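Please read the following note with the sequence and the model side by side. The points are numbered so that each can be checked in turn.

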Amino acid sequence: MDSESGEWILRGLKWDDPRCLHTLSDMIALIDEVGFLPLFSNAVPGFSVEERTSPSAWWTGLEKTDPWEWRRLAAESGQVAYGKFFDRKAGFISLKWLPIFVNFRRDGYDFDARWEDEKASFRQKKIMDLFRQGEEMYSFDVKRKAGFGAGGEKNFEGVMTDLMMQTYLVIRDFRCRLNQRHLPYGWQVAVYTAPESIWGYDTVTAAYREKPEASKEKIYARVRARFPASSEAQIKKILK
């Protein structure tokens with residue numbers, strides 16, 4: 001998605017183009033086929049949901065055809081992982097490729113081991129301590145319970161993005177807040193959890209047996225194969 005003269009411009013296809021995605025199932029099938037896919041256009045041409053959908057379908061609020069709604073439904077379904085995985089921006093990873101991303105991005109470390117080796121920040125630890133028992137938590141609850149905000153820790157969004165880029169957290173769903181009568185109200189808010197709480201530790205860490213550099217090369221090679229016109233600099237920018 002680009003900005004021109006202060007307006008956001010979507011780069012997509014005509015609705016009747018045979019390459020155009022029309023349903024959530026279409027999108028998940030493409031994610032599974034490619035392996036992983038950013039939500040919006042980026043340094044690698046063609047490597048996004050945006051570029052495979054019709055601009056007219058976005059932000060209509062129609063779950064059947066709106067890719068913005070699909071991202072919520074895909075996260076909720078558990079069929080793919082959703083979070084800020086690509087150049088600190090949103091995208092999807094198939095369950096087949098998730099362990100490979102985990103091994104690459106975590107550099108073979110569970111979070112506790114990363115902390116013990118002084119490779120994680122104290123702010124990251126305060127957040128990850130909230131997710132030890134498979135919890136799912138609204139973003140505003142994570143912020144409050146981890147001590148961010150006025151008079152507390154700074155850069156909450158940046159730290160959360162770091163933890164998603166490292167695959168320690170994913171977006172589980174988007175849900176409305178609940179009032180005192182437990183009825184939903186207001187805008188939908190991101191709900192976070194650890195990927196292990198959805199798919200299990202053994203599944204998520206299945207690639208730990210190989211070197212992180214080998215996992216990295218598999219991911220880079222996949223993009224080269226699917227998008228051969230892309231340069232190494234473009235691939236590095238979106239996957240670093």
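1. Helix 10 (residues 212-226) and helix 11 (residues 232-239) have axes that come within 11 Å and cross at roughly 125 degrees, where axes are lines fitted to C-alpha atoms, for helices over the stretch in contact, and angles run from 0 to 180 degrees between N-to-C directions. Helix 10 and helix 11 are therefore oblique to each other, since angles under 35 degrees count as roughly parallel, over 145 as roughly antiparallel, 65 to 115 as roughly perpendicular and the rest as oblique. Helices (H or I, at least four residues) and strands (E, at least two) are DSSP runs, numbered from the N terminus.

2. This is a predicted model, in which local features need pLDDT of at least 70 and side-chain atom pairs count only at pLDDT 80 or more, while totals for chains, interfaces and linings use all residues. Residues are numbered from 1 along each chain as its sequence is written, and side-chain values use heavy atoms, with hydrogens and water left out.

3. Which residues make the contact between helix 10 and helix 11? Helix 10 contributes Ile219, Tyr220, Val223 and Arg224, and helix 11 contributes Glu232, Ile235, Lys236 and Leu239, contact meaning heavy atoms within 4.5 Å.

4. An open sheet is formed by 3 strands in the order 3-5-4, with antiparallel pairing; two strands pair if DSSP finds at least two bridges between them. Strand 3 (36-38) and strand 4 (80-86) are the edge strands, each pairing on one side only. On average, and with direction ignored, neighbouring strands of this sheet are turned by 30 degrees against each other. Helix 1 (residues 24-34) packs on the sheet, where it touches strand 3, strand 4 and strand 5, and its direction makes about 75 degrees with that of strand 5.

5. Strand 4 is joined to strand 5 (residues 89-94) by 6 bridges, and the two run antiparallel. Alanine 81 has isoleucine 93 of strand 5 as its bridge partner, and lysine 84 has alanine 90 of strand 5. Strand 4 and strand 5 form a hairpin with 2 residues between them, and aspartate 87 in the turn has a positive phi of about 50 degrees.

6. Strand 4 is largely enclosed by the rest of the structure, because 6 of its 7 residues are buried, that is, under 20% relative accessible area, with exposed meaning over 50% and partly exposed in between (1.4 Å probe, protein chains only). Helix 7 (residues 156-165) is mostly covered as well, with 8 of its 10 residues buried, among them Phe156, Val159 and Leu163.
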